[in-house]
Amino acid sequence: MNYIHKVQYYETDKMGVVHHSNYIRWMEEARIDYLDRMGYSYAKLEEEGIISPVTGIQCKYQKPTTFGEIVSIDVSVKEFRGVRLSMEYHIFNEKGDLVFDGISEHCFIDAEGKLLRLKKLHPDFYELLTTLAAKNKE
């Protein structure tokens, strides 16, 4: 799935280049949009007692981006193992050049911080993530 972001001035450093930390924010924007489109907004997940903290981030910066550029973020479910989820991101500039690759890792917990077994407690969401992970392997 594709998410579009216009680079804002405040996201750049003194040299006019996007500060590296903003790519992590863009990953989150794209992930939230992706889940919204799948019918599982963060608000809905939290209403159902599902909290999904980030447990890890991997990133590779390929090319710089600058103020005013439009970037396209391809996001997908890389892997899902019931309790752990990995999301994959590829960010491209307007020319179609790859500027960033990233992976975010998540778990699913309840309000007390205990791991949730989605298959048992939230089977519809579990099935969706399983299907999306399988599609990514094709």
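In the hairpin formed by β3 and β4, 3 residues lie between the strands, and Gly82 adopts a positive phi near 80 degrees. The model is predicted.

**Strand pairing**
- Strands β3 and β4 pair in the antiparallel sense over 8 bridges.
- Within this pairing, Ile73 stands opposite Ile91 in β4.
- Strand β1 (residues 2-6) also runs antiparallel to β3, and 5 bridges join the two.
- Asn2 stands opposite Asp74 in β3.

**Helix α4**
- Helix α4 comprises 15 residues (123-137) and reaches 21 Å from its first C-alpha to its last, close to the 21 Å expected at 1.5 Å a residue.
- Phe125, Tyr126, Leu128, Leu129, Leu132 and Ala133 are buried in α4.
- Viewed down the axis of α4, the buried residues fall within an arc of 165 degrees, so they line one face of the helix.
- The face turned away from the buried side of α4 carries the exposed residues Asp124, Lys135 and Lys137.
- The cover over the buried residues of α4 includes the strands β3 (70-80) and β4 (84-92), together with α1 (21-37), α2 (42-47) and α3 (118-121).

- Ser52 is located in the loop between α2 and β2 (54-61).
- Ser52 has a relative accessible area of 13% and is therefore buried, the cut-off being under 20%.
- The side chain of Ser52 reaches the backbone oxygen of Cys107 at 3.2 Å.
- Leaving aside neighbours within four places in sequence, Ser52 is in contact with Tyr42, His106, Cys107 and Phe108.

Technical notes: Residues are numbered from 1 along each chain as its sequence is written. This is a predicted model: local features need pLDDT of at least 70, side-chain atom pairs count only at pLDDT 80 or more; totals for chains, interfaces and linings use all residues. Side-chain values use heavy atoms; hydrogens and water are left out. Helices (H or I, at least four residues) and strands (E, at least two) are DSSP runs, numbered from the N terminus. The expected span of a helix is 1.5 Å times one less than its number of residues. Buried means under 20% relative accessible area, exposed over 50%, partly exposed in between (1.4 Å probe, protein chains only). The arc is that of the directions from the helix axis to the C-beta atoms. Contact means heavy atoms within 4.5 Å. A polar contact is a pair of N or O atoms within 3.5 Å; within protein, one must be able to donate a hydrogen and the other to accept it, and residues adjacent in sequence count only if both atoms are side-chain atoms. Two strands pair if DSSP finds at least two bridges between them.
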